[in-house]
Amino acid sequence: MQNAAKATYRRILERRAQENGVDFVNGVATAITPMAFFETVMVKGYETLVDSDTKVDVSTGIVAAGRLQSLIDSRDYSHDLLVMRVQLGQICDAVKSTVPQEMWSEIIEKLDEAEQHQEALSVGADSFYDAGDEPFDPTEFIDDDDEF
């Protein structure tokens, strides 16, 4: 288990060193970046947390639950969508109450044209990605002697 942990930490250092253009083999000390340090601390903390002998007090659990809920809420767009639907309904009501009814068909035609134009511009991910393909690595074609 300890060798697996050391390998994990080494991979973190190597990846962060590569991201920062640091030669990991020739200078381990300079490869320790703040990102590598914090990521390693996080991994070590998680290893301690999942150890069966580790005890987590109630207040720490409550803080963690609050932060988790904040993360969940920050990714929840349903409220924003609801607000947009209400606003769209208000816009429709304003148009219907302001624009003469004989012009409504013209507005609908314009919306249909916009929708068709939007469909022509949207490209499905299916045409670019095959489930068997590896993810694109932008560094794949960079030679070691290339400069930016």
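Biologist: Why is F37 called partly exposed?
Modeller: This is a predicted model, and the values are computed from it. F37 has a relative accessible area of 48%. Buried needs under 20% and exposed needs over 50%. The 48% of F37 falls in between, so F37 is partly exposed.

Biologist: What makes F38 exposed?
Modeller: F38 has a relative accessible area of 56%. The cut-off for exposed is over 50%. F38 passes it, so F38 is exposed.

Biologist: Why is the aromatic pair of F37 and F38 called edge-to-face?
Modeller: Two values decide. The ring centres of F37 and F38 are 5.6 Å apart. Pairing needs centres within 6.5 Å, so the two rings pair. Their planes stand at 70°. Over 60 degrees counts as edge-to-face, so that is the label for F37 and F38.

Biologist: How many aromatic pairs does the structure hold?
Modeller: One. F37 and F38 form it.

Biologist: How do you know that R15 forms a salt bridge with E39?
Modeller: Look at the closest N and O atoms of R15 and E39. They are 2.4 Å apart. The cut-off is within 4 Å, so the pair qualifies as a salt bridge. A search of the whole structure finds one salt bridge.

Biologist: Which parts does the pair of R15 and E39 tie together?
Modeller: R15 lies in helix α1, residues 2-19, and E39 lies in helix α3. The pair therefore ties together parts that are 24 residues apart in sequence.

Biologist: Buried or exposed: what does E39 count as?
Modeller: E39 has 16% relative accessibility. Buried means under 20%, so E39 counts as buried.

Biologist: Which residues does E39 touch, not counting residues up to four places away in sequence?
Modeller: I12, R15 and R16. A contact needs heavy atoms within 4.5 Å.

Biologist: What makes T40 buried?
Modeller: T40 has a relative accessible area of 19%. The limit is under 20%, so T40 is buried. T40 sits in helix α3, residues 34-50. Leaving aside neighbours within four places in sequence, T40 is in contact with Y9 and I12.

Biologist: Which residues make up the largest nonpolar core?
Modeller: There are six: A5, Y9, I12, L13, A36 and V43. A core takes buried nonpolar residues joined through side-chain atoms within 4.5 Å, so these six count as one set. Helices α1 and α3 each give two or more residues to this core. The largest share is from α1, with four residues.

Biologist: Why might nonpolar side chains be buried together?
Modeller: In soluble globular proteins they tend to be.

Biologist: How much of this chain is buried?
Modeller: Buried residues are 9% of the 148 residues. The chain exposes about 13400 Å². Carbon and sulfur atoms supply 59% of that area.

Biologist: Which residues make the nonpolar surface patch?
Modeller: L88, I91, V95, I107 and L111 make it, over about 420 Å². Helices α5 (78-98) and α6 (104-121) each give two or more residues to the patch. The most comes from α5, with three residues.

Biologist: Why is W104 called partly exposed?
Modeller: W104 has a relative accessible area of 27%. Buried would need under 20% and exposed over 50%, so W104 is partly exposed. W104 lies in helix α6. Beyond its neighbours within four places in sequence, W104 is in contact with V95, K96 and V99.

Biologist: How many helices and strands does the chain have?
Modeller: Six helices and zero strands. From the N terminus, the order is α-α-α-α-α-α.

Biologist: What share of the contacts in the chain with a separation of 6 or more is between residues 24 or more positions apart?
Modeller: 32%.

How values were computed
Residues are numbered from 1 along each chain as its sequence is written. This is a predicted model: local features need pLDDT of at least 70, side-chain atom pairs count only at pLDDT 80 or more; totals for chains, interfaces and linings use all residues. Side-chain values use heavy atoms; hydrogens and water are left out. Buried means under 20% relative accessible area, exposed over 50%, partly exposed in between (1.4 Å probe, protein chains only). A salt bridge is a side-chain nitrogen of Lys or Arg within 4 Å of a carboxyl oxygen of Asp or Glu. Rings of Phe, Tyr and Trp (its six-membered ring) pair if their centres lie within 6.5 Å; planes under 30 degrees apart count as stacked, over 60 as edge-to-face and the rest as tilted. Accessible areas come from the Shrake-Rupley method with a 1.4 Å probe; for residues, only the protein chains shown count as cover. Patches are made of residues with over 30% relative accessible area and no salt bridge: like charges are joined within 9 Å, nonpolar side chains (Val, Leu, Ile, Met, Phe, Trp, Tyr) within 5 Å.
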